[in-house]
Amino acid sequence: LRKKQQMMEEARQEEEASIQRQESQKRATIEHEYQMKAQLEKEKIEYELKRKLEMKMQEREIMKDMIKIKQQERRKTLKEITGSTLTTVGQGMQDFIREPKAMFQLGTFAVCVYGTMKLLQVAIAGTVGVVMAKYSKPTLLRETSRLYAKNPIFLPFAWSKRAITQRVKSSEKRLLEG
């Protein structure tokens, strides 16, 4: 009976050892599978990142090329426009200079514009003088010492007359004083 129990005990121990080996193999297999899955996921993510990075780099290169092409076309267009504009202006200037009548008309126009500007300056100065003469002094002084006329053309003569009389009076005072 003891032998039987001993054999059963050995069988049970062998069976437990076998079960433990199987469980450890299962655990090792599961752990290996988990590591393989993790490694595959990691490789998959790395591959996706590399692919995205390559796509972005290609897109960036394409955009750079497109920008370069657009800039070249723009420069070429501007060069052509500038060249045609300068050619047209130069041709027009040559035609204009070749005609003495047009040059005379241009000179006449320039003299007229200059004369108009000077006349406008004089008119503005006269208007300012009339306004200042009328509104710059208090009312009592304005009414007692009027130096504006109803005819604005007469004003320069009145101003010059007043300036001369003031100089004469000041020179008389200087002579009397000494």
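Is Val-89 buried, partly exposed or exposed? I looked this up and found Val-89 partly exposed, at a relative accessible area of 48%; buried means under 20%, exposed over 50%, and partly exposed in between (1.4 Å probe, protein chains only).

I note that this is a predicted model, in which local features need pLDDT of at least 70 and side-chain atom pairs count only at pLDDT 80 or more, while totals for chains, interfaces and linings use all residues. Residues are numbered from 1 along each chain as its sequence is written, and side-chain values use heavy atoms, without hydrogens and water.

I then turned to the fold. The protein chain has four helices and zero strands, where helices (H or I, at least four residues) and strands (E, at least two) are DSSP runs numbered from the N terminus. I recorded that buried residues make up 2% of its 178 residues.

I placed Val-89 in helix H1. Val-89 also belongs to a nonpolar surface patch of about 890 Å², with Met-93 and Phe-109 among the other members. Such patches take residues with over 30% relative accessible area and no salt bridge, nonpolar side chains (Val, Leu, Ile, Met, Phe, Trp, Tyr) being joined within 5 Å and like charges within 9 Å. H2 gives the most to this patch, with six residues.

Finally, I looked up salt bridges (a side-chain nitrogen of Lys or Arg within 4 Å of a carboxyl oxygen of Asp or Glu), and the whole structure holds five. In one of them, Glu-48 pairs with Arg-51 at 2.9 Å between the closest N and O atoms. Glu-48 and Arg-51 lie about one helical turn apart because three residues separate their positions in helix H1.

How values were computed: Accessible areas come from the Shrake-Rupley method with a 1.4 Å probe; for residues, only the protein chains shown count as cover.
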